[in-house]
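Trainee: I would like to know what stands behind the words we use for a model like this one. Please show me the structure, and then I will ask about the terms.

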Amino acid sequence: MELKKLMDPAICGIVEQLQQAGYEAYIVGGAVRDLLLDRSPKDYDLSTSATPEEIRKVFRDRRTLIIGKRFQLVHLFLHGDIIEISTFRKRPQPQQELHKPGREVPENLIVRDNEFGTAQEDAWRRDFTVNALFYDPVADKILDYTGMGLKDIENGCIRSIGDPALRFEEDPVRILRAIKLAGQYGFTFEPETGNAVRSCMDFIDVVSVSRLTLELEKILKNPYGHRILKAFREYGFLKKFLPYVDARWETPQGKYMLALLEERNRRMRSGLYRDSISLAMSICTLPFAEEVIGGNPPGGLWDQQAEIHDRMWDLLHAVLAPAALTRRACSAAVRTLLIQDRIKKGQLKKLSSHPGYPHGRELAIIQNNVNWHIETLEESLVEPDPDLVKRSSGGRRRSRKPKNRPAQNT
C-alpha cells in the first residue's frame, strides 16, 4: 500500500520516535481516510500508548504543551506547525454526576474523556468506521479494528460505531461531523446512522460556543466548505449552525455567497491562494452587506458612509453567529470588505500598502470571476508585498489543527 510515500516525512519521524521509545504509535482518523481517498491530508492526528507526560519526555528537546480539560492531549510544535498527539482512550463510564446542576443536557453526554486504554479500545470509542483506521508508517500497515472502516471508505458509507443515537447523545458534535463527511466526500449514510442524524439533531443545542466556533473555523479553511454548507442545509442542520445564512439561503444574496465561496475554494485547491479564515468570513458577509448596508443587489457593493466600520462589524457577527471568532480574524475580514469599492473603482493609489490589500485583492478577483467580469481588473492589481502577506496571515501557522483553542490564522 505504501501510504508512507504520500506523507510528510516529519510526521513519520514523530511516530518512529515514539515507537523507538517503547510505545505504540499510529497516525489516526481523518488523515488515514484522506490518504486512502487519494487526497492530501490537511493535518495529521497521532495517537499513542504514551501518556501526555510520557509524550513530553520523549520530545523533551522540542517545545510541547499539554492542553485540554475534557480531552487532554499534547501539542508538539514543529517548524511552525502544531502536531496533535493523543493517548489511546477507552469509552468513559456514565458521567451523570459530572453534569452541571440546573442545566438540562442529554443523559449520556460525555463531559470528560480522559480514561486511557488500548489502541483497540480507542478505535471502538471513535465516531465512525471511516475515522477509526490506524496507520503505522514505519511498518506500512493499516489496522482496521472495527472490521468495516476500509470497506466503508471503498463504498462511501458513513456508519456509526455502535448505537448511533447513543453516540450522538454522548457527543452531539458527531452529528455535525457526520453531515460534514456527507458534504465533503459525497458519502451516504448507513440507514440507522442517517435516521439518528435527523432524530438527534436537537442535541447540538447543548454544545458550547467554543466547540461550534472551532468547527466553523475548520469549514472556513476547508477547500470543500461550500459542499459542507450545502449538506448542512439539506439535512436541516444549517439553521442551528448558521441561522442567519440558513434564513437567506434561497435569496439572491444566499446564492451569491455560495457562488463566491465555491470560486474561492476552487482557487485554493488550485494553489492560487491560501486557506485564510478571514477571507472566507468576508465572503460569507459580503452579499448581505451589499443588501443591508448598500441597498444593492449582488455585485453592487456599497458607498463609503459614516459608521460603516461599525455596521460591517455588527453584520459580520450576525452572519456568523452563534460562533465567536477571534477579534483579530474579524478585524481582518472587515478590512478586506471595506476596500472592495475602491478596488472595483480603480482607486488604487497607495492601496497596495494597505494591511487588508492581500485578502482584498483576492476577494476582488473572486467577485470579478463570478459577477463583475471586468476584463482588465486582475492585471491592474499589483501583486501584494510578501511581507504584507506574511503579516496579514495571522502570525504562526496552525495547519496541524489544534482542537481546543480557536485558530489564530486570519
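**Values behind the words**

Trainee: Why does His-75 count as buried?

Mentor: Its relative accessibility is 0%, and buried means under 20% relative accessible area, with exposed over 50% and partly exposed in between (1.4 Å probe, protein chains only). So His-75 counts as buried. It lies in strand 4, residues 73–78.

Trainee: What should I keep in mind about the model itself?

Mentor: It is a predicted model, in which local features need pLDDT of at least 70 and side-chain atom pairs count only at pLDDT 80 or more, while totals for chains, interfaces and linings use all residues. Residues are numbered from 1 along each chain as its sequence is written, and side-chain values use heavy atoms, with hydrogens and water left out.

Trainee: Then what makes Asp-38 exposed?

Mentor: Asp-38 has a relative accessible area of 65%, so it is exposed. His-79 also counts as exposed, at 72% relative accessibility. Asp-38 is in the loop between helix 2 (30–36) and strand 2 (45–48), and His-79 in the loop between strand 4 and strand 5 (81–87). Helices (H or I, at least four residues) and strands (E, at least two) are DSSP runs, numbered from the N terminus.

Trainee: Why are helix 15 and helix 16 called oblique to each other?

Mentor: The axes of helix 15 (residues 308–320) and helix 16 (residues 327–338) cross at roughly 125° and come within 10 Å. Axes are lines fitted to C-alpha atoms, for helices over the stretch in contact, with angles from 0 to 180 degrees between N-to-C directions. Under 35 degrees is roughly parallel, over 145 roughly antiparallel, 65 to 115 roughly perpendicular, and the rest oblique. The pair is therefore oblique.

Trainee: Which residues meet there?

Mentor: Helix 15 brings Ile-308, His-309, Met-312, Trp-313, Leu-316 and His-317, and helix 16 brings Arg-327, Cys-330, Ser-331, Ala-333, Val-334, Leu-337 and Leu-338. Contact means heavy atoms within 4.5 Å. By class, this contact has nine nonpolar, three polar and one charged residue; Ala, Val, Leu, Ile, Met, Phe, Trp, Tyr, Cys and Pro count as nonpolar, Asp, Glu, Lys and Arg as charged, and the others, Gly among them, as polar.

Trainee: How do you know what to call the arrangement of helix 9 and helix 14?

Mentor: Their axes are 8 Å apart and the angle is about 90°, so helix 9 and helix 14 are roughly perpendicular. Glu-217, Leu-220 and Lys-221 of helix 9 meet Ile-277, Ala-280, Met-281 and Cys-284 of helix 14. That contact divides into five nonpolar, no polar and two charged residues.

Trainee: And what makes helix 7 and helix 10 oblique?

Mentor: Their axes cross at roughly 120° and come within 8 Å, and helix 7 and helix 10 are therefore oblique. Leu-176, Ile-179, Lys-180, Gly-183 and Gln-184 in helix 7 meet Arg-227, Ile-228, Ala-231 and Phe-232 in helix 10. Several residues of helix 10 are buried, including Ile-228, Ala-231 and Phe-232.

Trainee: Which residues touch the most other members of the largest nonpolar core?

Mentor: They are Ile-27, Ile-179, Phe-232 and Met-281, in a core of 107 residues. Helix 14 (residues 277–292) supplies the largest share, nine residues. A nonpolar core is a set of buried Ala, Val, Leu, Ile, Met, Phe, Trp, Tyr and Cys residues joined through side-chain atoms within 4.5 Å. Another core lies apart from this one, with seven residues, among them Tyr-26, Ala-119, Ala-123 and Leu-143.

Trainee: How many of the 410 residues are buried, as a percentage?

Mentor: Buried residues make up 55% of them, in a protein with 20 helices and nine strands.
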